[in-house]
Amino acid sequence: MTTIEYLSMSNFERFCYSFVEIFKRLPSRVAMGCSRLPSRFRRLLGKISAPAVDVYNAAKYGDWRTRLSFILMGFGLFTRRQITRGVMYLVYEVFFIAFMFLVGGNALAGLGTLGQLGSVIITVGAVDATIVYDDSLTILIYSIITIVLILILAVFYVAQLRDSLRLQRSAYIGHFASDRETLRNLLDKSYHRTLLTIPLAGVTIFTVIPVIIMVLIAFTNYNSNHLPPATLVDWVGFANFASLFSAGGASNNSLMVSIFGQVLAWTLVWAVFATFTNYFLGMIVAMIINTKGIRLKKMWRTILITTIAVPSFISLMLMSMMLNQNFGVINGILGSKIPWLTNPWLAKVTIIVVNMWIGIPYTMLICTGLLMNIPADLYESAKIDGAGPFKTYMRITLPYMLFVTTPYLISNFVGNINNFNVIYLLSGGNPLMTFAPGTVVPQQAATVGSTDLLITWIYKMCLTTGFKDYALASVVGLLVFVVVAFFSLVVFNNSKSVKNEEDYQ
Amino acid sequence: MDTSVKKAHYASHRRNKIIKNTAIYIFLVIISVIWLVPFLYMLLQSFSGHYEFDSVIPSTWSIHAYEFLFTSNEYQFWKWWLNTFAIACVTAVVQTLLTLMTSYALSRLRFKMRKAIMQFMLIIGMFPSFLGMVIIYYILRLLNMESSIYSLILIYIGGSAMNYYISKGFFDTIPRSLDEAAMIDGANKNTVFFRIIMPLSKPIVVYTLLMAFTGPWGDFMTASFYAQGVPDNFNVAVGIQNIMNPGGGTLNIANIPTFCAAGVLTAIPIMVLFFCLQRYYVEGVTGGAVKG
């Protein structure tokens with residue numbers, strides 16, 4: 001097919017054509033992917049084996065100082081005038097060995113079973129004494145920390161061997177390193193290390209390690225019946241996933257999966273509505289304020305910005321109070337008893353509308369600046385060509401805005417999926433879901449409401465229900481994470497503003 | 001004849017324009033009312049003697065609610081307020097520093113693993129943060145540091161690198177030739193960061209500071225979990241929620257003026273700060289959140 005033929009087709013035909021074409025090209029694409037596989041594999045192998053090669057080189061070509069570094073980390077560095085770095089490596093090694101002896105070794109050994117014996121109550125005379133032998137959660141946490149420390153050790157170990165060999169070689173040609181050089185490098189060549197070490201350490205300690213542990217907890221039975229240190233927690237494999245998805249897993253067949261489905265569906269509907277209503281209405285408000293000939297532009301904007309300035313939890317609690325069915329001022333003035341936040345369907349609408357009240361000013365602010373960036377001659381030529389306001393919006397304004405704001409939209413969408421404050425402070429997830437009489441509701445879903453998002457359900461499972469099921473909560477969290485991460489990675493990596501990162505520099 | 005047609009044309013054009021502008025003004029007035037009335041209502045109710053649900057303007061006036069907040073033993077509002085203020089100040093300074101360091105490195109320096117780090121932080125940030133908090137609480141308990149405002153500060157600071165996105169977007173827009181010129185003149189990367197990029201980035205510095213400062217004021221989820229019901233450790237959000245729905249139960253009607261007064265006292269300092277720094281805020285949002 002030639003280009004002319006393609007262009008002469010209608011939109012629908014083009015769509016069909018490209019749809020069929022995808023499948024036609026599929027075999028050749030797969031073949032191409034397969035043919036590249038060996039070279040990719042080789043490259044991967046090269047990357048993995050690079051540290052091994054470094055170690056091998058250090059053993060083969062190293063002098064006695066480099067070889068002694070195999071046992072005493074950093075020896076090859078501080079005997080070659082890089083005293084600070086060498087001593088730091090050595091200190092880490094000493095710290096690591098001490099940690100392994102004191103805590104890490106025992107913890108790792110207990111990781112397989114999460115402890116043999118929980119707490120035991122021994123009666124001595126008239127007094128009960130509780131002795132805690134193994135605390136499953138402590139074992140789990142310490143073993144993950146140990147594993148992270150081992151990984152860091154491995155990286156340091158290879159790095160110091162490599163550096164030692166490098167220093168040895170540069171000494172051959174008469175270049176001697178010093179502490180001053182290290183310092184200079186820290187401010188210049190390896191400045192990224194100086195900048196990133198502390199922030200990334202923070203992320204590792206406060207985000208990465210907890211996330212790993214939480215993922216592991218999804219495979220245990222950590223709940224109100226198994227609360228360490230009183231009782232041990234055990235690995236249960238995929239039992240939690242099974243209880244969520246399969247019939248007869250929890251106390252009631254398939255009830256759990258239907259609850260999960262309802263909450264997930266509302267979470268997605270909420271995220272889509274909350275994101276796009278705010279986006280489009282905010283843009284429209286910004287365009288209206290931007291209209292030529294409107295005065296006091298700054299005042300109108302400032303009025304809207306007031307909402308951003310007030311902390312959102314205050315606005316949300318205020319709204320929840322005003323919308324109260326029996327005592328709220330809105331029903332009071334209308335003289336009605338409209339169940340704004342107590343009817344399952346109306347509550348959902350109310351929440352989305354209130355969220356618009358909170359979110360539109362923010363979008364308006366973002367859009368105002370961007371709308372002014374669109375070249376005015378585009379609009380003029382569109383007007384000369386006879387395009388109406390609607391067509392101008394669809395063909396000029398919207399494509400430009402979408403191009404620039406895709407990353408913002410995605411992060412907004414993800415933020416809305418995990419939007420705890422709006423739901424919890426506005427409706428608290430209520431009204432409670434109703435089930436057919438006689439249904440045995442699993443304890444984990446006893447307080448789940450019809451406006452609950454997955455994140456507020458997780459909060460309830462961990463905090464407010466009588467029966468706290470941390471394991472199931474982390475299963476749900478894991479599922480949310482998989483959905484969100486997949487979706488946003490695909491969109492992020494395909495959005496133009498991420499691809500062309502350096503366009504504006 | 002020509003001129004009269006033209007005149008009629010212009011007249012109708014102008015009339016259309018006037019109608020259009022009037023419609024726009026009416027629309028703007030309506031949305032201004034929608035956006036402002038709830039806050040005015042809160043201000044009025046905070047001065048009301050007692051809550052009446054069927055009128056916006058209270059029939060009796062008093063400053064009892066404010067008095068109550070100052071003197072009550074039941075609610076230690078000032079303790080909560082000062083807790084939050086202390087947390088916010090420390091968080092603002094440290095978090096801003098860490099966030100800007102991260103985003104500068106990710107935006108202007110080129111090194112191995114840069115893209116990997118960015119993607120990794122993006123992905124890990126999508127994990128429901130509440131679950132991680134349960135574990136951090138347990139870890140802090142091993143260190144005997146749980147349920148205090150220090151643990152809250154640690155947590156807010158700990159995740160600061162993950163907010164790199166907006167400030168990185170801002171740094172991306174500064175021309176690279178500036179760096180190169182400075183480098184040729186013998187500056188190292190540290191000097192470039194502090195002497196060249198920082199002075200140009202005042203809006204994003206102020207924006208990051210503002211966001212880091214206001215964040216702890218609005219945080220309910222983390223703070224309520226870490227306070228564990230101990231009023232000494234409440235921040236403003238948890239405390240005010242406790243005034244409104246004690247025990248997480250239903251609306252406490254008698255407390256509504258108190259709630260409104262507490263809301264006003266919390267909102268006013270932040271609003272003042274916000275309007276003073278509004279210019280920077282707008283520049284930061286439009287320059288960093290989206291590249292344009």
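Student: Before we start, what pLDDT do local features need here?
Tutor: Residues are numbered from 1 along each chain as its sequence is written, chains are lettered from A and ligands numbered from 1 in the order written, and side-chain values use heavy atoms, with hydrogens and water left out. Since this is a predicted model, totals for chains, interfaces and linings use all residues, side-chain atom pairs count only at pLDDT 80 or more, and local features need pLDDT of at least 70.

Student: Which residues does A:Trp457 touch, leaving aside neighbours within four places in sequence?
Tutor: Contact means heavy atoms within 4.5 Å. On that rule the list is A:Gln444, A:Ala445, A:Val448, A:Asp452, A:Val476, A:Met256, A:Ile259, A:Phe260 and A:Val263.

Student: Is A:Pro228 buried or exposed?
Tutor: A:Pro228 sits in the loop between α8 (191-217) and α9 (239-245) of chain A. Beyond four places in sequence, its contacts are A:Asp135, A:Ser136, A:Leu137, A:Tyr222, A:Val233 and, from chain B, B:Tyr138. Its relative accessibility is 7%, so A:Pro228 counts as buried.

Student: How much area do chain B and chain A bury between them?
Tutor: The size of an interface is often given as the accessible area lost when the parts come together. Buried area is that loss (1.4 Å probe), summed over both parts. Here 105 residues of chain B are in contact with 106 of chain A. Of the buried area 78% is on carbon and sulfur atoms, and the total is about 9,400 Å².

Student: How many salt bridges does the rule find across that interface?
Tutor: A salt bridge is a side-chain nitrogen of Lys or Arg within 4 Å of a carboxyl oxygen of Asp or Glu. The structure holds nine of them over all chains. Across the interface of chain B and chain A, though, the count is zero.

Student: In the salt bridge of A:Asp163 and A:Arg166, how far apart are N and O?
Tutor: The two residues are three apart in helix α6 (residues 136-172) of chain A, so about one helical turn separates them. A:Asp163 is buried because its relative accessibility is 10%, while A:Arg166, at 44%, counts as partly exposed. Their N to O distance is 3.7 Å.

Student: Which residue forms a salt bridge with B:Asp172?
Tutor: Look in helix α7 (residues 164-172) of chain B, where both partners lie four residues apart, about one turn of the helix. The closest N and O atoms are 2.9 Å apart, and the partner is B:Lys168.

Conventions. Buried < 20%, exposed > 50% of the residue type's maximum accessible area, 1.4 Å probe, protein only. Buried area = accessible area lost by both parts, 1.4 Å probe.
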